[in-house]
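Visitor: I would like to understand how the words used for a structure follow from its numbers. Could you take me through some of them?

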Amino acid sequence: MAYGVSPELRREAAELGEAGKHEPKLRENGIPADVLEKLLPGNDVIELDEPVIAGGLGYRFAKRAFDVCATGAALIVLAIPMLVIAAKIKSESPGPVIYAQERVGRGGRPFNVYKFRSMYVDAESRGARWASGDDPRVTPFGRFMRERRIDEVPQFVNILKGDMSLIGPRPERPAFCEEFEKRIHGWHYRTLVRPGLSGLAQVTGGYDLLPKEKIVLDLEYIEHRSALLDLKIILRTLGVVRTGEGAR
């Protein structure tokens with residue numbers, strides 16, 4: 001799906017979309033019109049069919065059991081590295097080590113996703129909103145964490161709680177969901193299943209997919225999800241974490 005958008009514009013839209021994932025006070029300030037124009041180029045309105053959810057009871061039980069066992073073990077193994085990360089965050093700037101951000105979960109229910117703080121606590125005073133690229137509001141270590149996806153590690157707690165799964169459509173912020181639904185009728189179908197730490201759209205499309213393209217891959221995952229597909233996505237996600245390239 002090209003949608004007549006050049007690679008340069010795609011990259012700019014992807015950077016703005018990434019910035020929006022961290023933007024303070026997004027719900028209060030809304031999404032700027034020029035940002036929406038880049039994320040949703042053109043005037044077309046997409047109508048999506050509701051997907052048939054794949055995966056029987058056995059798969060769902062095994063998926064949840066694997067989520068709990070894998071993330072529980074990971075949190076034990078990563079306990080000391082997480083303490084080191086917390087100390088590094090504190091050494092660069094005062095403020096909380098972990099912050100909570102509202103996202104839309106299964107069934108459209110909001111929940112708080114946890115992340116290591118990658119911005120200065122006075123982020124709003126350090127530069128223009130929606131900065132991308134060399135954002136002055138991001139700490140030096142915060143930039144490294146984002147490149148390596150380290151800031152996402154606290155979401156293992158979300159998975160243990162049942163808010164998320166290891167694999168599924170990435171949860172979006174409410175403001176994005178509201179705006180995307182206006183042009184992509186059926187965007188909410190991606191919340192038919194538990195959201196994931198990583199997903200098919202992130203490892204297949206890479207960095208510069210538009211929302212119109214991401215939703216197609218999200219629905220494809222919902223319709224074809226299986227233990228084998230989940231394993232493939234996990235392995236590809238590990239590759240992204242190792243190289244720092246690909247999904248954002």
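Visitor: At what angle do the axes of helix H4 and helix H5 cross?

Guide: In this predicted model, where local features need pLDDT of at least 70 and side-chain atom pairs pLDDT 80 or more, while totals use all residues, the axes of H4 (residues 57-77) and H5 (residues 79-92) cross at roughly 60° and come within 4 Å. Residues are numbered from 1 along each chain, and side-chain values use heavy atoms, without hydrogens and water.

Visitor: Why is H4 called oblique to H5?

Guide: Angles under 35 degrees count as roughly parallel, over 145 as roughly antiparallel and 65 to 115 as roughly perpendicular, the rest being oblique; the crossing is at roughly 60°, and that makes H4 oblique to H5.

Visitor: Which residues of H4 and H5 meet?

Guide: Leu-75, Ile-76 and Val-77 in H4 meet Ala-79, Pro-81 and Met-82 in H5, contact meaning heavy atoms within 4.5 Å. The residues of this contact are six nonpolar, no polar and no charged.

Visitor: How do you know that strand S2 and strand S3 pair?

Guide: Pairing requires that DSSP finds at least two bridges between two strands, and seven bridges join S2 (residues 98-104) to S3 (residues 110-116), which run antiparallel. Ile-98 stands opposite Phe-116 in S3, and in the hairpin, with five residues between the strands, Gly-107 takes a positive phi near 75°.

Visitor: Which residues touch the most other members of the largest nonpolar core?

Guide: Among its 53 residues, they are Ile-31, Phe-116 and Tyr-221, and helix H10 (residues 211-224) gives the largest share, five residues.

Key: Axes fitted to C-alpha atoms, helices over the stretch in contact; angles between N-to-C directions. Helix = DSSP H or I, 4+ residues; strand = E, 2+ residues; numbered from the N terminus. Nonpolar A, V, L, I, M, F, W, Y, C, P; charged D, E, K, R; others polar. Core = buried A, V, L, I, M, F, W, Y, C linked by side-chain atoms within 4.5 Å. Buried < 20%, exposed > 50% of the residue type's maximum accessible area, 1.4 Å probe, protein only.
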